[in-house]
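Biologist: I want to learn how to read side-chain features in a model. Please show me the structure, then take me through some of them.

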Amino acid sequence: MYYFLVIMLIFWGLFVKTRKTIYDSIAIFFMGFIVLTSIGDADFASYKVAYDLIGSGVEYDSLGVGWEFLCKIGNLIRLDYSQFKCVVLILSILMIRSTVQIYVKDKKTSAMVWALYLVYPMLLDCVQIRFFLAQSIVIFGIRYLTKGGIANYLKYAVFVGIAYLFHSTSV
């Protein structure tokens with residue numbers, strides 16, 4: 001069923017004229033739904049154990065101090081791991097979306113960007129959520145890198161440093 005929906009969303013984004021915000025919103029909702037309902041993916045069990053340990057007060061910074069901090073917040077507001085992962089995914093997608101909106105003004109091209117995203121990295125990003133969050137932070141920071149100037153380069157470096165707190169491969 002998911003495969004059919006993904007294929008329909010891809011074809012819609014590539015071939016149907018649409019308003020950008022409607023397509024973006026539906027694609028984001030769909031990705032959040034997949035994450036919320038997929039509890040058997042490759043990394044789910046190990047991250048859930050870490051999330052639950054952090055929630056019980058155990059120090060568990062081997063996944064990154066930023067990730068540990070987010071897990072504490074998620075546990076504090078009483079999210080289970082599936083809900084936490086869904087929130088992280090949606091926040092990450094919104095960071096990427098805000099960057100795409102800066103560089104892609106045409107509605108059809110924007111829908112194509114999201115349709116192509118659904119073709120490949122979406123399912124990988126839904127599984128490797130820590131990496132996706134770090135990647136999203138770096139992508140969000142690109143807006144400063146492309147402006148030029150020492151202050152903007154420093155802002156970009158700060159975003160890369162923050163991303164490093166979640167996943168060390170972001171640098």
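Modeller: Start with a pair of charges. The side chains of Lys-48 and Asp-52 meet in a salt bridge, at 2.7 Å from N to O. The term salt bridge stands for a side-chain nitrogen of Lys or Arg within 4 Å of a carboxyl oxygen of Asp or Glu. This is a predicted model: local features need pLDDT of at least 70, side-chain atom pairs count only at pLDDT 80 or more, and totals for chains, interfaces and linings use all residues. Residues are numbered from 1 along each chain as its sequence is written, and side-chain values use heavy atoms, with hydrogens and water left out.

Biologist: Where do Lys-48 and Asp-52 lie?

Modeller: Both are in helix H3, four residues apart, about one turn of the helix. Helices (H or I, at least four residues) and strands (E, at least two) are DSSP runs, numbered from the N terminus. Lys-48 is partly exposed at 34% relative accessibility. Asp-52 is partly exposed too, at 36%. The cut-offs: buried means under 20% relative accessible area, exposed over 50%, partly exposed in between, with a 1.4 Å probe and protein chains only.

Biologist: How many salt bridges does the whole structure hold?

Modeller: The general idea comes first. Side chains of opposite charge can pair when their charged atoms come close. Here a search of the whole structure finds four salt bridges. One of them joins Asp-24 and Arg-97, at 3.3 Å from N to O. Asp-24 lies in helix H2 and Arg-97 in helix H5, so this pair ties together parts 73 residues apart in sequence.

Biologist: Are Asp-24 and Arg-97 buried or exposed?

Modeller: Asp-24 and Arg-97 are both buried. Now take Lys-72 and Glu-59, whose closest N and O atoms are 3.7 Å apart in a salt bridge. Lys-72 lies in helix H4 (residues 65–76) and Glu-59 in the loop between H3 and H4, so the pair ties together parts 13 residues apart in sequence. Lys-72 is partly exposed, at 39%, whereas Glu-59 is exposed, at 59%. A network of salt bridges links Glu-59, Glu-68 and Lys-72.

Biologist: Next, aromatic rings. How should I read a pair?

Modeller: A pair of aromatic rings is described by the distance of the centres and the angle of the planes. Rings of Phe, Tyr and Trp (its six-membered ring) pair if their centres lie within 6.5 Å; planes under 30 degrees apart count as stacked, over 60 as edge-to-face and the rest as tilted. This structure holds 12 aromatic pairs. In one of them, Tyr-51 and Tyr-81 have ring centres 5.5 Å apart and planes at 55°, so the pair is tilted. Tyr-51 lies in helix H3 (residues 44–55) and Tyr-81 in helix H5, so the pair ties together parts 30 residues apart in sequence.

Biologist: Are the two tyrosines, Tyr-51 and Tyr-81, buried or exposed?

Modeller: Tyr-51 is buried, at 1%, and Tyr-81 is buried, at 2%. Ring pairs also link Phe-44, Tyr-47, Tyr-51, Trp-67, Tyr-81 and Phe-84 into a cluster.

Biologist: What about the nonpolar core?

Modeller: In soluble globular proteins, nonpolar side chains tend to be buried together. A nonpolar core is a set of buried Ala, Val, Leu, Ile, Met, Phe, Trp, Tyr and Cys residues joined through side-chain atoms within 4.5 Å. The largest one here has 46 residues, and Met-31, Trp-67 and Met-122 have the most contacts inside it. Helix H5 (residues 81–103) gives the largest share of this core, eight residues.

Biologist: Which residues does Val-88 contact, beyond its neighbours within four places in sequence?

Modeller: Val-88 is in contact (heavy atoms within 4.5 Å) with Trp-67, Ile-129 and Leu-133. Val-88 lies in helix H5 and is buried, at 4%. Its C-alpha is 8.7 Å from that of Arg-130, 42 residues away in sequence. Trp-67 touches Arg-130 as well, along with others including Leu-165 and Phe-166.

Biologist: Last, a backbone feature. Where is Arg-78 found?

Modeller: Arg-78 is in the loop between H4 and H5. Its phi is near 65°, a positive value in a residue other than glycine. Arg-78 counts as exposed, at 73% relative accessibility.
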